[in-house]
Amino acid sequence: MDLAFIVAFVVLLVITATVSDVFFTQRNLSNLGRQAVTNGLLSLGMLVVILTGGIDLSVGSVVALAAVMVSGMSKGGMPLPLAILICLVVGVAAGAGNGFFIARFKLQPFIVTLASMIAIRGLVFVYSDIPITPSDPAFRAVLGAGFIGPFPVSALIMLACYPIVWFFLNRAKAGRAIVAIGGNEEAVRLAGISVTWHIFLAYMISGLFAALAGVILASRLGIAQPSVGGGFELDAIAACVIGGAILGGGGGSVFGTLGGVVALGMIDNLLNLFNVQSYYQQIFKGVIILVAVLARRKQQ
């Protein structure tokens with residue numbers, strides 16, 4: 001996380017504290033934390049993919065698939081832990097499909113994940129074309145609405161994932177290889193490291209986090225809409241870029257991404273508090289992303 005981002009973040013905090021009396025209340029901060037969970041998990045997986053020089057446009061569809069599946073299986077009487085486990089496996093499988101075509105056949109990540117985004121969205125509507133309400137009350141009570149002290153359970157789960165991924169990318173051999181691939185893929189290949197396997201692994205991680213985000217989202221909302229997840233991939237990419245990730249690969253940090261997630265969440269929350277219409281919010285966020293990319297390019 002660089003100095004410019006920290007300064008911008010502090011300025012945003014000061015502006016927020018100045019213009020809103022509601023923002024720093026415990027209730028609003030809890031809502032902000034719960035709402036940031038989906039993007040926080042998606043951005044974490046997206047960062048791993050971006051570090052390899054790739055991109056994953058299918059995460060929003062995987063969120064929807066996991067949400068309707070866990071809700072449908074819960075409604076059908078399946079034990080909740082088993083339903084969640086199946087959804088996570090499905091998310092990993094979706095990522096594996098992306099990774100297979102990208103790593104094995106050297107296809108463009110944009111094209112492969114765009115195709116899977118469309119195909120998985122179709123699967124969602126094959127599974128259910130109507131909203132599904134989970135029947136197990138514990139599903140919503142624990143994940144979506146549960147608190148440990150003043151902290152939402154879902155936000156704590158998300159925050160726990162960040163140091164784990166940081167450790168993986170900075171200390172584990174496989175994680176360092178993923179980072180190195182984005183910097184110089186040929187050098188990694190000449191070093192005898194399997195580029196194919198590590199790109200494959202990166203997309204499986206992205207699918208895993210997308211599925212986890214879908215499960216938690218269904219729990220938080222208490223209902224799974226088949227149409228949910230549209231545009232989520234753009235928010236995840238935006239959080240990574242704002243947090244310092246380089247879309248060409250080889251650059252980006254886990255905690256910078258967390259900063260990007262929090263900054264976007266704060267902006268969304270603040271605009272909602274002032275009842276700014278959603279399309280104006282999109283314009284504002286688009287401008288912020290452009291400014292972040294330009295600032296990054298100037299630094300480079």
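User: How many disulfides does the chain have by the distance rule?

Analyst: A disulfide is a covalent bond between the sulfur atoms of two cysteines. The rule asks for a pair of cysteine sulfur atoms within 2.5 Å. Here the count is zero disulfides. C161 is in none, and its nearest cysteine sulfur, that of C240, is 14 Å away. C240 is likewise in no disulfide. This is a predicted model: local features need pLDDT of at least 70, side-chain atom pairs count only at pLDDT 80 or more, and totals for chains, interfaces and linings use all residues. Residues are numbered from 1 along each chain as its sequence is written, and side-chain values use heavy atoms, leaving out hydrogens and water.

User: Is C161 buried or exposed?

Analyst: Buried means under 20% relative accessible area, exposed over 50%, partly exposed in between (1.4 Å probe, protein chains only). C161 has 12% relative accessibility, so it counts as buried. C240, at 0%, is buried too. Across the chain, buried residues make up 49% of the 300 residues.

User: What does the secondary structure of the chain come to?

Analyst: Helices (H or I, at least four residues) and strands (E, at least two) are DSSP runs, numbered from the N terminus. The chain has 13 helices and two strands. Its radius of gyration is 19 Å, close to the 19 Å from the globule rule for 300 residues, so the chain is as compact as a globular protein of that length. That radius is taken over C-alpha atoms; the rule is 2.2 Å times the number of residues to the power 0.38.

User: What share of contacts join residues at least 24 apart?

Analyst: Contact means heavy atoms within 4.5 Å. Among contacts between residues at least 6 apart in sequence, the share is 78%.
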